[in-house]
Amino acid sequence: MNEKVMEGSHAISEAVRLCNVGVVSGFPITPQTHIIEAIAEHCSDGTMKAKYINVESEHSAMAAIVGASSAGTRAFTATSSHGLALMHELLHWAAGARLPIVMGEVNRALGPGWNIWTDQTDSLSQRDTGWIQLYCEDGQEALDTVIFGFRLAELVNLPVMVIIDAFLVSHTYEAVSVPTQDEVNEFLPAFNPRIKLDLENPQALNQMASPQYYMEMRKSMQLAMETVEDIYDEVEDEFHDTWGRRYGSVEGINLDADVVFVTSGTATTTCRLAIKDLTDKGESVGMLKIKMFRPFPAKGIQNALKNAGKVAVVDRNFSFGAGGIFAQEVKSSLCNLKDAPVVFNFIAGLGGRDITTDTFFEMYEKVNANDIPQTESEWIGINEQELK
Amino acid sequence: MEEIRFHGRGGQGTVLASISLAKAFFDSGYHVQTFPVFGVERRGAPVEAYLRIDSSEKILTKSNVYTPDHIVVMDSKLLGSIDVTKGLKKGGWILINAKDMPKDLSKFKGYKIALIDASNIALSNGLGTKTSPIINTAMLGAFAKMMNIPNIEFIEKAILDEVPVKRKENVQAARDAFAKVMFH
């Protein structure tokens, strides 16, 4: 096994190199830039054969790989925050055209106030675009998810967003086990789509679709989405056979506990430590990590949380006028469950504010203090003076 | 788990020092995690980097370091402008790049102090200029001597892996600092 200390961003770049990607487009934005920077270096020193396209905006970055993928080439780009927001129109296009693009997305807050630190609201704002969304807690998971993300995307003809936290993953160096090229070639067959732009066989793609056809096109996207969870499991089985690692669309620890935290991204890692400490002190506490946000694994979550005493969803994101976005989805997946647990929602860590084990201890006390939530979403660590 | 906080200035190679040290600890069999504190860096502005090491367990925390076990101060002038010992655990090491011991040691009571003239070592090995010596590799050699870990061979290997230019000179700077570090 080839294990090395590597930055989270570079773990993604390394995965892209191993996946025999044909076209990469890139436009720099902090904290994503290290991903495409390393890929550009690989392309220029010849260790990667992809065509690297410098573009003038993120909108063009996505347009370029929509073109490449339509022509039957495996394609990748990466972005963050305002860059992702600028891509929004073409995210719909990539999914509607059923293109198996993989994109690295580094969660960063949207301005104003101008802020480069982690916050999931950028990617969660894209939840209705038809992209599969997979959240990762460290560089190893990001590398692995890019590799099986391409496999998954190409099996269901939907694009995949591989999402990491700004700095806490993107700029953090940890040990990452890097697969060999032969192993990846074995796992990820060459990309050969049934329908593509082909000079030998000219055809028009993505033409006008009248009301007579449009609804079926949308329904077929949903049908593909409905296959994702099962195919994801099969792909992970194969991944596990080769590399011995598996993540699941959700992962549970001690799910029958009195209090079960629901987390995503790097808050999950810190939560693992917090519940270990609490369990050592005799407390009854568990955790559910949500890795797959689209499609939302509602059945899996229902099943995981049905025996929990109380559920506490931790959201590093917010939908104004509603609440934490993961919490809304968790609540909707539990609403038809008989004797469903109550769901508390905590908003923490927006714009890179630190989430520590103490943050979890504070939330744990708040959940224990009340039988039912006193408010829709409780914001943690707010300085009331600043609100005046 | 032990936590180490680096204080330096933008352009001094503080982040690279922390990454190289992480690699040296990893080669010694440790679990490691390192990341810079990101703000609006510019050359000369104070910067910080964190390093976590654990000889037995995977590091399960993804948050900033508040109570470091040891600190590394890349520029002695920082001692006058920022509170470098903030949160530092009693009995911890403070490694300082300076010519002489600070005159007033009262604020470092309860800590162990190591001193290295890394700027001089860097210059004598042709690293950087008088106004801007490249001191990070010398600091790594001093760190290895101060802590008795990691083995200097792993420091040398990490420097060879990480440093793009003047590799031999950087390795020599680490060796010189390893030999010359002074303890209070």
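Reply: Happy to! One definition to begin with: a residue is buried if 20 or more other C-beta atoms lie within 10 Å of its own, exposed if 12 or fewer, and partly exposed in between, with C-beta atoms placed from the backbone. This is a predicted model, where local features need pLDDT of at least 70 and side-chain atom pairs count only at pLDDT 80 or more, while totals for chains, interfaces and linings use all residues. Residues are numbered from 1 along each chain as its sequence is written, and chains are lettered from A and ligands numbered from 1 in the order in which they are written.

Me: Thanks! Is Phe167(A) buried or exposed, then?
Reply: Phe167(A) is buried, because 25 other C-beta atoms lie within 10 Å. Its phi is positive, about 60°, although Phe167(A) is not a glycine.

Me: What do most residues do with phi?
Reply: Most residues other than glycine have a negative phi.

Me: And where does Phe167(A) sit?
Reply: Phe167(A) is in the loop between strand S7 (160-165) and strand S8 (173-178) of chain A. The names S and H come from DSSP runs: helices are H or I with at least four residues, strands are E with at least two, and both are numbered from the N terminus.

Me: What about Asn20(A), what is its phi?
Reply: Asn20(A) has a positive phi near 50°, and this residue is not a glycine either. Asn20(A) lies in the loop between helix H1 (8-18) and S2 of chain A. Asn20(A) counts as partly exposed because it has 17 C-beta neighbours inside 10 Å.

Me: Switching to peptide bonds: which kind joins Thr30(A) and Pro31(A)?
Reply: That bond is cis, with omega about 5°. Pro31(A) is in the loop between strand S2 (23-26) and helix H2 (33-44) of chain A. A cis peptide bond also leads from Gly111(A) to Pro112(A), with omega near -10°. Pro112(A) belongs to the loop between strand S5 (102-107) and helix H5 (121-124) of chain A.

Me: Let's look at S2(A). Which way do its residues point?
Reply: Val23(A) and Ser25(A) point one way, Val24(A) and Gly26(A) the other way, and all are buried. In a regular strand the side chains alternate between the two faces of the sheet.

Me: What does S2(A) run parallel to?
Reply: S2(A) runs parallel to strand S3 (residues 51-54) of chain A, joined by four bridges. Two strands pair if DSSP finds at least two bridges between them. Val23(A) stands opposite Lys51(A) in S3(A). S2(A) also pairs in the parallel sense with strand S4 (residues 75-80) of chain A, over two bridges, and there the bridge partner of Val23(A) is Ala75(A).

Me: And what do S2(A), H2(A) and S3(A) make together?
Reply: They make a right-handed β-α-β unit. Right-handed applies if, with the strands pointing away from the viewer, the path from the first strand over the helix to the second runs clockwise.

Me: Which strands form the six-stranded sheet?
Reply: The order is S9-S11-S10-S13-S14-S15 in chain A, an open sheet with mixed pairing. At its edges are strand S9 (250-253) and strand S15 (378-379) of chain A, each pairing on one side only. S9(A) pairs with strand S11 (residues 285-290) of chain A in the antiparallel sense over four bridges, with Val250(A) opposite Ile290(A).

Me: How is chain A split into domains?
Reply: The domain assignment, which is automatic or from a database, gives domain 1 (2-243) and domain 2 (251-382) for chain A. Their centres, taken over C-alpha atoms, are 28 Å apart. The contact takes 25 residues from domain 1 of chain A and 18 residues from domain 2 of chain A; residues are in contact if their C-beta atoms, placed from the backbone, lie within 7 Å.

Me: Last topic, chain B! How many helices and strands are there?
Reply: Chain B has six helices and seven strands, following the pattern β-α-β-β-β-α-β-β-α-α-α-α-β along the sequence. Its C-alpha trace spans about 40 × 40 × 35 Å along the principal axes. Of the 184 residues of chain B, 48% count as buried.

Note on methods. Contact = placed C-beta atoms within 7 Å.
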